[in-house]
Amino acid sequence: VQLQASGGGLVQAGDSLRLSCTASGRTFSRYALGWFRQPPGKEREFVATIKWNSGSAYYADSVKGRFTISRDYAKNTLYLQMNSLKPEDTAVYYCAASSTYHSGIYYYTRSAQYDYWGQGTLVTVSS
């Protein structure tokens, strides 16, 4: 299974970007998909997650109301629409997929809950 993230770039504060993540390879069960990011010099952090079947989504407080996660069944693709970008959104963004059912956990917000990862795409927001 391979995840390919794309769509990063250099933008100004207030601009928008849409990240994409396409899955390829063998068919696998998907319970959840997610986006994480790693700002320069910091640890990787949770951004957003979406349940593959229901489409139910959950966001980090720092992006709530500005970012929207979505998935397209037909294209086997995950998206992250990012609006009103801020300099503090600057980071390498990673997409991830979980094929493991974690009992008692509805939204997967931890890196360890994901089995497959994309290579990352850099988003730089200038002030």
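Which residues does L80 touch, not counting residues up to four places away in sequence? Let's find out with a short tour of this predicted model.

**Stop 1: L80**

Select L80 and show its side chain. Leaving aside residues up to four places away in sequence, L80 touches L17, R18, L19, W35, V47, A48, F67, T68, I69 and Y93. Color those residues and keep them on screen.

**Stop 2: the nonpolar core**

Next, select W35, L80, M82 and Y93 together. Among the 35 residues of the largest nonpolar core, these touch the most other members. Two or more of its residues come from each of strand 1 (2–6), strand 3, strand 4 (32–38), strand 5 (45–51), strand 7 (67–72), strand 8, strand 9 and strand 11 (121–126). Strand 9 gives the most, with five residues. In soluble globular proteins, nonpolar side chains tend to be buried together.

**Stop 3: the cavity**

Then highlight strand 3 (17–24), strand 8 (77–82) and strand 9 (91–98), each of which supplies at least two residues of the lining. Strand 9 has the largest share, three residues. Finally, color the lining by class: you will find ten nonpolar, two polar and one charged residues.

Terms used: Residues are numbered from 1 along each chain as its sequence is written. This is a predicted model: local features need pLDDT of at least 70, side-chain atom pairs count only at pLDDT 80 or more; totals for chains, interfaces and linings use all residues. Side-chain values use heavy atoms; hydrogens and water are left out. Helices (H or I, at least four residues) and strands (E, at least two) are DSSP runs, numbered from the N terminus. Ala, Val, Leu, Ile, Met, Phe, Trp, Tyr, Cys and Pro count as nonpolar, Asp, Glu, Lys and Arg as charged, and the others, Gly among them, as polar. A nonpolar core is a set of buried Ala, Val, Leu, Ile, Met, Phe, Trp, Tyr and Cys residues joined through side-chain atoms within 4.5 Å. Buried means under 20% relative accessible area, exposed over 50%, partly exposed in between (1.4 Å probe, protein chains only). Contact means heavy atoms within 4.5 Å.
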